[in-house]
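Take a moment with the sequence and the 3D view before reading on.

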Amino acid sequence: MTTAVSAPSQPDAAPRRPLTRRDLRTLGLSALGGTLEFYDFVVFVFFANVLGALFFPADMPDWMRQLQTLGIFAAGYLARPLGGIVIAHFGDILGRKRMFTLSIFLMSVPTLVIGLLPTYASIGIAAPLLLLAMRILQGAAIGGEMPGAWVFVAEHVPKRHYGLAVGTLTAGITGGILLGSLVAVALNTHYTPVEIHDGAWRIPFILGGVFGLVSVYLRRFLEETPVFQELAERKKVARELPVKTVLREHRAAIVLVALMTWVLSTAIVVVILFTPAYLQKVFEIPAKLSLQANLAATFTLTLGCAVVGWASDRFGTRAVMLVGWGGLFATTYLFYLGLPGTPESLVWSYALVGFFVGSIALLPIVGVRAFPPAVRFSGLSFAYNMAYAVFGGLTPVLISVWQKVDVMAPAHYVAGVAVLGFLIGLWPFASRGWQPRA
């Protein structure tokens, strides 16, 4: 399939125009919605222990309760590919805006429902089954939201601000982790464990659901992307199943996005999500200090995403990939080899490696350009979500097993994927993107 558009890498007809107020509104609403939706998705993990105690029998062994709670959490990841493929399919056929709004609706309602669910003591086995069903809906929603947000914003902004816009959007999405962490800290500061168990745990889910529904309303004011409008006018909207076209004609793009997703998922799962528990268990660092250091790293991660986006516009994608992933390699060993260190060194070294984790913004910058407009949503969503389900699911298990024979396993694994990212930066296709046939 060939699709003629005005620019192969980023399809804006006026690449030299500045960011307009409409562009800024689109970016702002998209980033806000991404923050709230990702918050809704990750807040579960911050209250996993409480949910396990409330939604499973009291006489169940702790290890079994923890395993089943984590299984429900993992179900959200397993649902991502299916949700992403379905939402992206209709995004390529019916339009980006409709699916962009649907994805946040599908996230907000289950999050609100979780906050209102009766516990096991009230309705028995139906409680964990309903919790599982809501988690599956959340996974389906996030599978469509992230690729949809990247495509939506990328197709709105002028070419010279493409990287900054996508990077800023990614910063907004990762800001959901920061928001979830801040809410968890605030809740544990203002309520006792007994009060949280008795009902305060519902607050972050209810707030997330309500704010998400507000974002659904606000997204009504967004406009369809110029690229999809042009495709519809030219009758170039995908006529066959978009994923079928992607699998037949864009295998190199699938490989590229899948490999970069491996890098992204490892950096997020290991450095941001896994490391606080690792610090406490392996180096006996107090929980309060490890969480404070993690907050610093999550903040610099958010900042790093925006900086990486700006730098890709200014210096080119290849240069930023080489510096970004090279920096992640160096700061990873600087951080992990320096443990436990002093409280000050822990915070600043964790913040430094967190900044280079912000290089994950390179995935959407490269990935959106890797597919032609007619199948862009489906191609990015399929490759990203399938790879994330595999690598995001296997990474915690791999690290846990590897750590038993080498305490530096997290450092070696993150450094290894950083090398992979650096090598991808040398692949011409990564910086050039899809090119229309002459």
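Is H2 largely enclosed by the rest of the structure or largely open, and why? H2 is largely enclosed, because 6 of its 8 residues are buried. The buried residues in H2 are Ala48, Val50, Leu51, Gly52, Leu54 and Phe55. One of them, Ala48, will return when we come to the largest pocket.

Now step back to the whole chain. This is a predicted model. The chain holds 20 helices and 0 strands. It has 438 residues, and 57% of them count as buried. Its accessible surface comes to about 17600 Å². Carbon and sulfur atoms account for 70% of that surface. How do contacts run along the sequence? Take the contacts between residues at least 6 apart in sequence: 86% of these join residues at least 24 apart.

Next, the empty space. Rolling a probe the size of a water molecule over the atoms shows where such space is left. The largest pocket holds about 1900 Å³. Its lining counts 46 residues. Nearest its centre lie Val45, Ala48, Leu70, Leu273 and Ala277. Which of them gives the largest share? H3 does, with 10 residues.

The model also has cavities. A search of the whole structure finds 2 of them at 30 Å³ or more. The largest cavity holds about 100 Å³. It is lined by 13 residues, and Phe38, Met146, Thr174, Leu264 and Ile268 lie nearest its centre. Helix H7 (126-154), H8, H13 and H18 each give two or more residues to the lining of this cavity. H8 gives the most, with 4 residues.

Valine 214 sits in helix H10, which covers residues 202-218. An α-helix has 3.6 residues a turn, so residues three or four places apart point the same way. Valine 214 itself is partly exposed, with a relative accessible area of 41%.

Arginine 202 is in helix H10 as well. Arginine 202 touches Ile114, Gly115, Leu116, Leu117 and Thr119, leaving aside residues up to four places away in sequence.

How many salt bridges does the count come to? The count is 1. Glutamate 249 pairs with arginine 248, and the closest N and O atoms are 3.0 Å apart. Both partners are partly exposed: glutamate 249 has a relative accessible area of 27%, and arginine 248 has 39%.

Then comes histidine 250, in the loop between helix H12 (242-249) and H13. Is histidine 250 buried or exposed? Histidine 250 is buried, with a relative accessible area of 8%. It touches Thr245, Phe371, Pro372, Val375 and Trp434, again leaving aside residues up to four places away in sequence.

Two backbone details remain. Most residues other than glycine have a negative phi, and most peptide bonds are trans. Glutamate 284 has a positive phi of about 55 degrees, although it is not a glycine. Glutamate 284 lies in the loop between H13 and H14. At 70% relative accessibility, glutamate 284 counts as exposed, because the cut-off for that class is over 50%. The other detail concerns a peptide bond. The bond from leucine 339 to proline 340 is cis, with omega near 0 degrees. Proline 340 lies in the loop between helix H15 (317-337) and helix H16 (343-357).

Definitions and conventions
Residues numbered from 1 in each chain as written. Predicted model: local features only at pLDDT ≥ 70, side-chain atom pairs only at ≥ 80, totals over all residues. Heavy atoms only, no water. Buried < 20%, exposed > 50% of the residue type's maximum accessible area, 1.4 Å probe, protein only. Contact = heavy atoms within 4.5 Å. Areas by Shrake-Rupley, 256 points an atom, 1.4 Å probe, with all protein chains shown as cover. 1 Å grid on protein atoms, 1.4 Å probe; cavity = no way out; pocket = protein on both sides within 12 Å on 5 of 7 lines; lining within 4 Å. Points joined across faces, edges and corners; volume = space filled by probe spheres on them. Salt bridge = Lys/Arg side-chain N within 4 Å of Asp/Glu carboxyl O.
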